[in-house]
Amino acid sequence: MSFIKRNTVLSSRPGRAIPGAKQPDAENQPPPPGVRPSPLDGRPTTSTGTASLDQLLAGHSGLPLGTCLLVEEQGTTDFSGILLRYYAAEGLVQGHQVHLVGYPPQWRRNLPGLAEPDKKSKSEQPPPAQEEKMKIAWRYEALGNSAASGNTPRGDANQPTFCHLFDLAKRLEPAVCKGSLNPTPSTGPPLFDARPQPTSISPLKAIIRHLQTKLETSPSSDIHRVVIPSLLLPELYAPQCSLPSEVLQFLHALRALLRRYSTQLTAIITLQTSLYPRSSGLVRWMELLCDGVLELIPLPATPGAAPPSSSSEKTEQAQGLLKAHTLPIYHEKGGGGAETSSFRETLSFSLSATKGLNIKPYSLPPMEEEENKEKSPAGTIRDGIDF
(Lines give C-alpha, C1' and ligand atoms only; values in the text may rest on other atoms or scores of the structure.)
Protein backbone atom coordinates (compact mmCIF):
# COMPACT_ATOMS: atom_id res chain seq x y z
CA MET A 1 0.00 0.00 0.00
CA SER A 2 1.44 3.36 -1.07
CA PHE A 3 1.36 6.45 1.13
CA ILE A 4 2.29 8.92 -1.65
CA LYS A 5 -0.09 11.83 -2.02
CA ARG A 6 -2.25 11.66 -5.12
CA ASN A 7 -1.76 15.33 -6.00
CA THR A 8 2.02 14.91 -6.27
CA VAL A 9 3.56 14.58 -9.74
CA LEU A 10 5.74 11.47 -9.82
CA SER A 11 7.65 12.17 -12.99
CA SER A 12 7.43 14.13 -16.17
CA ARG A 13 9.08 13.89 -19.53
CA PRO A 14 11.78 16.43 -20.32
CA GLY A 15 10.37 19.40 -22.15
CA ARG A 16 6.80 18.56 -21.17
CA ALA A 17 4.83 21.14 -19.19
CA ILE A 18 3.86 20.11 -15.66
CA PRO A 19 0.10 20.45 -15.10
CA GLY A 20 -0.69 23.09 -12.55
CA ALA A 21 2.70 24.78 -12.86
CA LYS A 22 2.77 28.50 -13.57
CA GLN A 23 3.80 29.26 -17.13
CA PRO A 24 4.76 32.67 -18.48
CA ASP A 25 1.57 34.26 -19.80
CA ALA A 26 2.09 36.17 -23.03
CA GLU A 27 -1.31 37.79 -22.74
CA ASN A 28 -0.25 39.72 -19.64
CA GLN A 29 2.55 41.43 -21.53
CA PRO A 30 1.74 44.99 -22.61
CA PRO A 31 1.04 45.43 -26.33
CA PRO A 32 3.51 47.32 -28.53
CA PRO A 33 3.08 51.11 -28.84
CA GLY A 34 0.16 52.06 -31.02
CA VAL A 35 -1.54 48.66 -30.68
CA ARG A 36 -4.58 47.74 -28.59
CA PRO A 37 -7.04 44.81 -28.57
CA SER A 38 -10.22 44.99 -30.61
CA PRO A 39 -13.44 45.42 -28.58
CA LEU A 40 -15.08 42.70 -30.70
CA ASP A 41 -12.73 39.72 -30.48
CA GLY A 42 -9.55 41.01 -28.82
CA ARG A 43 -7.33 40.79 -31.89
CA PRO A 44 -4.57 43.45 -31.99
CA THR A 45 -5.44 46.57 -33.96
CA THR A 46 -3.59 49.74 -34.86
CA SER A 47 -4.81 53.18 -35.84
CA THR A 48 -4.91 54.47 -39.40
CA GLY A 49 -4.25 58.02 -38.16
CA THR A 50 -7.84 59.02 -39.03
CA ALA A 51 -10.26 58.57 -36.12
CA SER A 52 -13.42 58.43 -38.25
CA LEU A 53 -11.87 55.73 -40.46
CA ASP A 54 -10.95 53.68 -37.39
CA GLN A 55 -14.58 53.68 -36.29
CA LEU A 56 -15.72 52.51 -39.74
CA LEU A 57 -13.50 49.41 -39.88
CA ALA A 58 -15.96 46.71 -38.83
CA GLY A 59 -16.24 47.92 -35.26
CA HIS A 60 -12.63 47.08 -34.44
CA SER A 61 -11.91 50.79 -33.73
CA GLY A 62 -8.79 50.43 -35.83
CA LEU A 63 -7.16 48.40 -38.59
CA PRO A 64 -6.61 44.78 -37.44
CA LEU A 65 -3.04 43.57 -37.76
CA GLY A 66 -2.54 41.13 -40.60
CA THR A 67 -5.01 42.88 -42.92
CA CYS A 68 -4.74 45.32 -45.82
CA LEU A 69 -7.03 48.07 -47.07
CA LEU A 70 -7.56 49.16 -50.69
CA VAL A 71 -8.71 52.77 -51.13
CA GLU A 72 -10.00 53.61 -54.60
CA GLU A 73 -10.56 57.17 -55.80
CA GLN A 74 -12.19 58.68 -58.85
CA GLY A 75 -11.02 61.81 -60.63
CA THR A 76 -7.81 63.77 -60.21
CA THR A 77 -8.10 64.59 -56.51
CA ASP A 78 -5.79 63.11 -53.86
CA PHE A 79 -7.98 62.48 -50.81
CA SER A 80 -6.73 58.90 -50.68
CA GLY A 81 -3.17 60.20 -50.62
CA ILE A 82 -4.01 62.26 -47.54
CA LEU A 83 -5.28 59.11 -45.82
CA LEU A 84 -1.95 57.46 -46.58
CA ARG A 85 -0.01 60.40 -45.15
CA TYR A 86 -1.96 60.22 -41.91
CA TYR A 87 -1.38 56.45 -41.84
CA ALA A 88 2.38 56.86 -42.34
CA ALA A 89 2.65 59.77 -39.89
CA GLU A 90 0.83 57.80 -37.20
CA GLY A 91 3.23 54.91 -37.66
CA LEU A 92 6.33 57.10 -37.41
CA VAL A 93 5.06 58.79 -34.24
CA GLN A 94 4.19 55.44 -32.64
CA GLY A 95 7.61 53.97 -33.43
CA HIS A 96 6.57 51.62 -36.23
CA GLN A 97 8.57 50.61 -39.30
CA VAL A 98 6.98 52.29 -42.34
CA HIS A 99 7.79 50.81 -45.77
CA LEU A 100 7.16 53.18 -48.68
CA VAL A 101 6.53 51.66 -52.13
CA GLY A 102 6.97 53.55 -55.40
CA TYR A 103 7.91 56.99 -54.11
CA PRO A 104 11.36 58.29 -53.12
CA PRO A 105 12.27 59.05 -49.48
CA GLN A 106 11.47 62.75 -50.09
CA TRP A 107 7.81 61.79 -49.79
CA ARG A 108 8.32 62.08 -46.05
CA ARG A 109 8.41 65.88 -46.29
CA ASN A 110 4.69 65.92 -47.11
CA LEU A 111 3.62 64.18 -43.91
CA PRO A 112 1.42 66.30 -41.60
CA GLY A 113 2.75 67.43 -38.25
CA LEU A 114 1.29 66.91 -34.82
CA ALA A 115 -1.47 69.33 -33.87
CA GLU A 116 -1.34 71.23 -30.63
CA PRO A 117 -4.04 70.21 -28.15
CA ASP A 118 -6.81 72.72 -27.66
CA LYS A 119 -6.69 73.38 -23.92
CA LYS A 120 -9.46 76.00 -23.97
CA SER A 121 -12.07 73.70 -25.43
CA LYS A 122 -11.28 70.98 -22.90
CA SER A 123 -11.45 73.36 -19.95
CA GLU A 124 -14.62 75.10 -21.09
CA GLN A 125 -16.49 71.87 -21.88
CA PRO A 126 -18.67 70.95 -18.86
CA PRO A 127 -18.45 67.41 -17.54
CA PRO A 128 -21.35 65.15 -18.62
CA ALA A 129 -24.13 64.48 -16.18
CA GLN A 130 -24.26 61.20 -14.32
CA GLU A 131 -27.63 60.31 -15.84
CA GLU A 132 -26.32 60.70 -19.38
CA LYS A 133 -23.40 58.42 -18.60
CA MET A 134 -25.74 55.67 -17.50
CA LYS A 135 -27.65 55.75 -20.80
CA ILE A 136 -24.62 54.65 -22.84
CA ALA A 137 -22.61 51.51 -22.24
CA TRP A 138 -19.19 52.13 -20.76
CA ARG A 139 -17.39 50.47 -23.64
CA TYR A 140 -19.07 52.51 -26.38
CA GLU A 141 -18.58 55.71 -24.40
CA ALA A 142 -14.85 55.11 -24.04
CA LEU A 143 -14.39 54.20 -27.70
CA GLY A 144 -16.39 57.18 -28.94
CA ASN A 145 -14.52 59.70 -26.82
CA SER A 146 -11.10 58.37 -27.74
CA ALA A 147 -11.88 58.23 -31.45
CA ALA A 148 -13.50 61.61 -31.71
CA SER A 149 -10.86 63.54 -29.85
CA GLY A 150 -7.84 61.43 -30.62
CA ASN A 151 -6.90 61.32 -26.94
CA THR A 152 -6.98 58.61 -24.31
CA PRO A 153 -10.30 57.60 -22.71
CA ARG A 154 -11.46 59.43 -19.67
CA GLY A 155 -10.16 58.23 -16.36
CA ASP A 156 -7.11 56.53 -17.92
CA ALA A 157 -4.60 59.29 -18.45
CA ASN A 158 -1.64 56.92 -18.14
CA GLN A 159 -2.64 54.97 -21.25
CA PRO A 160 -0.66 55.99 -24.36
CA THR A 161 -2.41 57.76 -27.21
CA PHE A 162 -3.84 55.41 -29.81
CA CYS A 163 -4.70 57.96 -32.55
CA HIS A 164 -2.89 61.29 -32.67
CA LEU A 165 -4.19 64.59 -34.01
CA PHE A 166 -2.37 65.98 -37.04
CA ASP A 167 -2.37 69.35 -38.79
CA LEU A 168 -2.04 69.51 -42.58
CA ALA A 169 -0.63 73.04 -42.33
CA LYS A 170 2.41 71.70 -40.45
CA ARG A 171 5.11 69.22 -41.33
CA LEU A 172 6.15 66.23 -39.26
CA GLU A 173 9.28 67.04 -37.29
CA PRO A 174 12.05 64.42 -37.01
CA ALA A 175 12.17 64.94 -33.23
CA VAL A 176 8.74 63.34 -32.72
CA CYS A 177 9.40 60.40 -35.06
CA LYS A 178 10.19 57.25 -33.09
CA GLY A 179 9.99 54.96 -36.10
CA SER A 180 11.81 54.90 -39.41
CA LEU A 181 10.77 55.24 -43.06
CA ASN A 182 12.19 52.46 -45.23
CA PRO A 183 11.92 53.02 -49.00
CA THR A 184 11.63 49.90 -51.12
CA PRO A 185 13.44 49.29 -54.44
CA SER A 186 12.35 51.39 -57.39
CA THR A 187 9.34 50.12 -59.30
CA GLY A 188 9.84 51.40 -62.77
CA PRO A 189 10.87 54.07 -65.21
CA PRO A 190 14.05 55.78 -63.99
CA LEU A 191 12.31 58.97 -62.92
CA PHE A 192 13.87 59.10 -59.46
CA ASP A 193 16.44 56.32 -59.65
CA ALA A 194 18.80 56.33 -62.62
CA ARG A 195 20.56 53.11 -61.64
CA PRO A 196 19.97 50.22 -64.08
CA GLN A 197 17.64 47.54 -62.73
CA PRO A 198 18.18 43.85 -63.50
CA THR A 199 15.76 42.62 -66.13
CA SER A 200 15.50 39.12 -64.67
CA ILE A 201 13.78 40.29 -61.48
CA SER A 202 10.38 41.95 -61.61
CA PRO A 203 10.16 45.24 -59.66
CA LEU A 204 7.14 44.00 -57.74
CA LYS A 205 8.87 40.74 -56.81
CA ALA A 206 11.88 42.72 -55.59
CA ILE A 207 9.57 44.66 -53.26
CA ILE A 208 8.18 41.43 -51.80
CA ARG A 209 11.70 40.12 -51.20
CA HIS A 210 12.67 43.40 -49.56
CA LEU A 211 9.65 43.25 -47.22
CA GLN A 212 10.24 39.61 -46.39
CA THR A 213 13.88 40.29 -45.49
CA LYS A 214 12.92 43.19 -43.24
CA LEU A 215 10.27 41.15 -41.45
CA GLU A 216 12.56 38.16 -40.92
CA THR A 217 15.43 40.24 -39.50
CA SER A 218 13.37 42.55 -37.27
CA PRO A 219 12.30 41.67 -33.70
CA SER A 220 8.87 40.14 -33.22
CA SER A 221 7.78 43.17 -31.19
CA ASP A 222 8.22 45.60 -34.10
CA ILE A 223 5.11 46.75 -35.98
CA HIS A 224 5.40 47.28 -39.75
CA ARG A 225 3.24 49.38 -42.05
CA VAL A 226 3.30 49.11 -45.85
CA VAL A 227 2.33 52.30 -47.69
CA ILE A 228 1.53 51.84 -51.41
CA PRO A 229 0.32 55.15 -52.91
CA SER A 230 -1.09 55.25 -56.46
CA LEU A 231 -0.58 51.61 -57.36
CA LEU A 232 0.19 51.04 -61.08
CA LEU A 233 0.54 54.76 -61.78
CA PRO A 234 2.41 54.99 -65.13
CA GLU A 235 4.75 57.67 -63.79
CA LEU A 236 5.97 55.39 -60.99
CA TYR A 237 5.57 51.83 -62.26
CA ALA A 238 7.04 50.14 -65.30
CA PRO A 239 4.62 48.98 -68.01
CA GLN A 240 5.20 45.34 -67.11
CA CYS A 241 3.86 45.93 -63.59
CA SER A 242 0.35 46.53 -64.93
CA LEU A 243 0.14 43.01 -66.36
CA PRO A 244 -2.36 40.85 -64.47
CA SER A 245 0.28 38.14 -63.98
CA GLU A 246 2.52 40.67 -62.19
CA VAL A 247 0.19 42.74 -60.05
CA LEU A 248 -2.00 39.82 -58.94
CA GLN A 249 1.04 37.79 -57.90
CA PHE A 250 2.29 40.83 -55.99
CA LEU A 251 -0.97 41.21 -54.07
CA HIS A 252 -1.16 37.48 -53.44
CA ALA A 253 2.39 37.48 -52.02
CA LEU A 254 1.59 40.54 -49.91
CA ARG A 255 -1.49 38.77 -48.57
CA ALA A 256 0.68 35.77 -47.66
CA LEU A 257 3.04 38.04 -45.69
CA LEU A 258 0.06 39.60 -43.90
CA ARG A 259 -1.20 36.19 -42.85
CA ARG A 260 2.24 34.97 -41.83
CA TYR A 261 3.00 38.06 -39.74
CA SER A 262 -0.54 38.55 -38.52
CA THR A 263 0.60 40.38 -35.37
CA GLN A 264 3.15 42.71 -36.97
CA LEU A 265 2.10 43.85 -40.45
CA THR A 266 -0.60 46.05 -41.99
CA ALA A 267 -0.88 47.69 -45.41
CA ILE A 268 -2.93 50.39 -47.16
CA ILE A 269 -3.04 50.65 -50.97
CA THR A 270 -4.51 53.43 -53.09
CA LEU A 271 -5.69 53.05 -56.70
CA GLN A 272 -6.92 55.55 -59.26
CA THR A 273 -10.11 54.18 -60.78
CA SER A 274 -9.95 56.76 -63.58
CA LEU A 275 -7.06 54.73 -65.02
CA TYR A 276 -8.23 51.32 -63.82
CA PRO A 277 -12.06 51.26 -63.52
CA ARG A 278 -13.84 48.89 -61.18
CA SER A 279 -15.68 47.34 -64.12
CA SER A 280 -12.47 45.70 -65.36
CA GLY A 281 -11.64 42.16 -64.33
CA LEU A 282 -8.18 43.14 -63.09
CA VAL A 283 -9.54 45.52 -60.46
CA ARG A 284 -12.15 42.97 -59.38
CA TRP A 285 -9.43 40.44 -58.70
CA MET A 286 -7.39 43.06 -56.86
CA GLU A 287 -10.37 43.75 -54.61
CA LEU A 288 -10.74 40.05 -53.82
CA LEU A 289 -7.12 39.89 -52.65
CA CYS A 290 -7.61 42.79 -50.20
CA ASP A 291 -9.38 42.54 -46.86
CA GLY A 292 -11.15 45.91 -47.13
CA VAL A 293 -12.16 48.03 -50.14
CA LEU A 294 -13.22 51.68 -49.86
CA GLU A 295 -14.14 53.98 -52.74
CA LEU A 296 -13.87 57.78 -52.59
CA ILE A 297 -16.10 59.73 -55.01
CA PRO A 298 -15.29 63.47 -54.84
CA LEU A 299 -18.20 65.80 -55.45
CA PRO A 300 -17.81 68.49 -58.14
CA ALA A 301 -16.90 71.89 -56.79
CA THR A 302 -19.59 74.58 -56.95
CA PRO A 303 -18.49 77.36 -59.35
CA GLY A 304 -18.42 80.81 -57.78
CA ALA A 305 -18.71 79.49 -54.25
CA ALA A 306 -17.35 81.66 -51.46
CA PRO A 307 -14.17 80.55 -49.68
CA PRO A 308 -14.71 78.63 -46.44
CA SER A 309 -15.13 80.81 -43.38
CA SER A 310 -15.25 80.08 -39.67
CA SER A 311 -19.02 79.50 -39.82
CA SER A 312 -18.85 77.15 -42.80
CA GLU A 313 -16.09 75.11 -41.19
CA LYS A 314 -18.45 74.21 -38.36
CA THR A 315 -20.97 72.74 -40.80
CA GLU A 316 -18.24 70.69 -42.52
CA GLN A 317 -19.79 70.61 -45.96
CA ALA A 318 -19.32 67.24 -47.65
CA GLN A 319 -16.60 67.14 -50.29
CA GLY A 320 -17.29 63.65 -51.53
CA LEU A 321 -19.04 60.32 -50.99
CA LEU A 322 -17.53 57.18 -49.51
CA LYS A 323 -18.60 53.64 -50.37
CA ALA A 324 -17.48 50.77 -48.15
CA HIS A 325 -17.60 47.75 -50.44
CA THR A 326 -15.92 45.30 -48.04
CA LEU A 327 -14.44 45.58 -44.57
CA PRO A 328 -12.11 43.27 -42.60
CA ILE A 329 -14.23 40.48 -41.09
CA TYR A 330 -13.75 39.32 -37.52
CA HIS A 331 -14.81 35.65 -37.68
CA GLU A 332 -15.17 32.84 -40.20
CA LYS A 333 -18.92 33.40 -40.60
CA GLY A 334 -18.49 36.92 -41.91
CA GLY A 335 -19.36 40.07 -40.05
CA GLY A 336 -17.34 43.11 -40.94
CA GLY A 337 -19.97 45.60 -39.86
CA ALA A 338 -22.69 44.36 -42.21
CA GLU A 339 -25.15 44.15 -39.34
CA THR A 340 -24.71 47.80 -38.35
CA SER A 341 -26.74 50.58 -39.93
CA SER A 342 -23.78 52.93 -40.47
CA PHE A 343 -22.13 50.44 -42.84
CA ARG A 344 -25.08 50.48 -45.23
CA GLU A 345 -25.78 54.20 -45.01
CA THR A 346 -24.57 56.66 -47.61
CA LEU A 347 -21.33 58.02 -46.18
CA SER A 348 -19.59 61.29 -46.98
CA PHE A 349 -16.25 62.80 -46.13
CA SER A 350 -14.93 66.30 -45.60
CA LEU A 351 -11.34 67.48 -45.30
CA SER A 352 -10.20 69.85 -42.59
CA ALA A 353 -6.69 71.08 -41.89
CA THR A 354 -6.97 70.37 -38.17
CA LYS A 355 -9.37 67.39 -38.09
CA GLY A 356 -8.19 65.59 -41.21
CA LEU A 357 -10.64 63.47 -43.18
CA ASN A 358 -13.94 63.25 -41.32
CA ILE A 359 -16.27 60.42 -42.40
CA LYS A 360 -19.94 60.64 -41.44
CA PRO A 361 -23.41 59.78 -42.85
CA TYR A 362 -24.38 61.96 -45.79
CA SER A 363 -27.39 64.27 -45.45
CA LEU A 364 -28.66 66.93 -47.84
CA PRO A 365 -28.96 70.48 -46.46
CA PRO A 366 -32.48 71.94 -46.14
CA MET A 367 -33.73 73.76 -49.23
CA GLU A 368 -36.64 75.65 -47.65
CA GLU A 369 -34.88 79.00 -47.45
CA GLU A 370 -33.83 78.97 -51.10
CA GLU A 371 -37.34 77.99 -52.27
CA ASN A 372 -38.90 80.84 -50.29
CA LYS A 373 -36.49 83.34 -51.80
CA GLU A 374 -37.34 82.21 -55.33
CA LYS A 375 -41.12 82.38 -54.76
CA SER A 376 -41.13 85.69 -52.85
CA PRO A 377 -39.36 88.71 -54.39
CA ALA A 378 -37.31 90.85 -52.04
CA GLY A 379 -39.62 93.86 -52.47
CA THR A 380 -42.75 92.01 -51.35
CA ILE A 381 -41.40 90.92 -47.97
CA ARG A 382 -41.78 93.42 -45.17
CA ASP A 383 -41.30 92.67 -41.53
CA GLY A 384 -41.42 88.95 -42.18
CA ILE A 385 -44.89 89.13 -43.90
CA ASP A 386 -45.25 87.95 -47.48
CA PHE A 387 -47.68 90.15 -49.43
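**Exercises: a loop residue and a helix pair**

Thr273 sits in the loop between strand 10 (265-272) and helix 8; helices (H or I, at least four residues) and strands (E, at least two) are DSSP runs, numbered from the N terminus. This is a predicted model, where local features need pLDDT of at least 70, side-chain atom pairs count only at pLDDT 80 or more, and totals for chains, interfaces and linings use all residues. Residues are numbered from 1 along each chain as its sequence is written, and side-chain values use heavy atoms, with hydrogens and water left out.

**Exercise 1.** Work out whether Thr273 is buried or exposed, and which residues Thr273 touches.

*Solution.*
- Start with the cut-offs: buried means under 20% relative accessible area, exposed over 50%, partly exposed in between (1.4 Å probe, protein chains only).
- Thr273 has a relative accessible area of 8%, so Thr273 is buried.
- Next, look for contacts (heavy atoms within 4.5 Å). Leaving aside residues up to four places away in sequence, Thr273 touches Glu72, Glu73, Gln74 and Arg278.
- Finally, compare sequence with space: Thr273 and Glu73 are 200 residues apart in sequence and 5.8 Å apart in space, C-alpha to C-alpha.

**Exercise 2.** Find the angle at which helix 7 and helix 8 pack, and the residues that meet there.

*Solution.*
- Helix 7 (residues 244-260) and helix 8 (residues 281-288) pack at about 10 degrees, with axes 10 Å apart. Axes are lines fitted to C-alpha atoms, for helices over the stretch in contact, and angles run from 0 to 180 degrees between N-to-C directions.
- Pro244, Val247, Leu248, Leu251 and Arg255 in helix 7 meet Leu282, Trp285, Met286 and Leu288 in helix 8.
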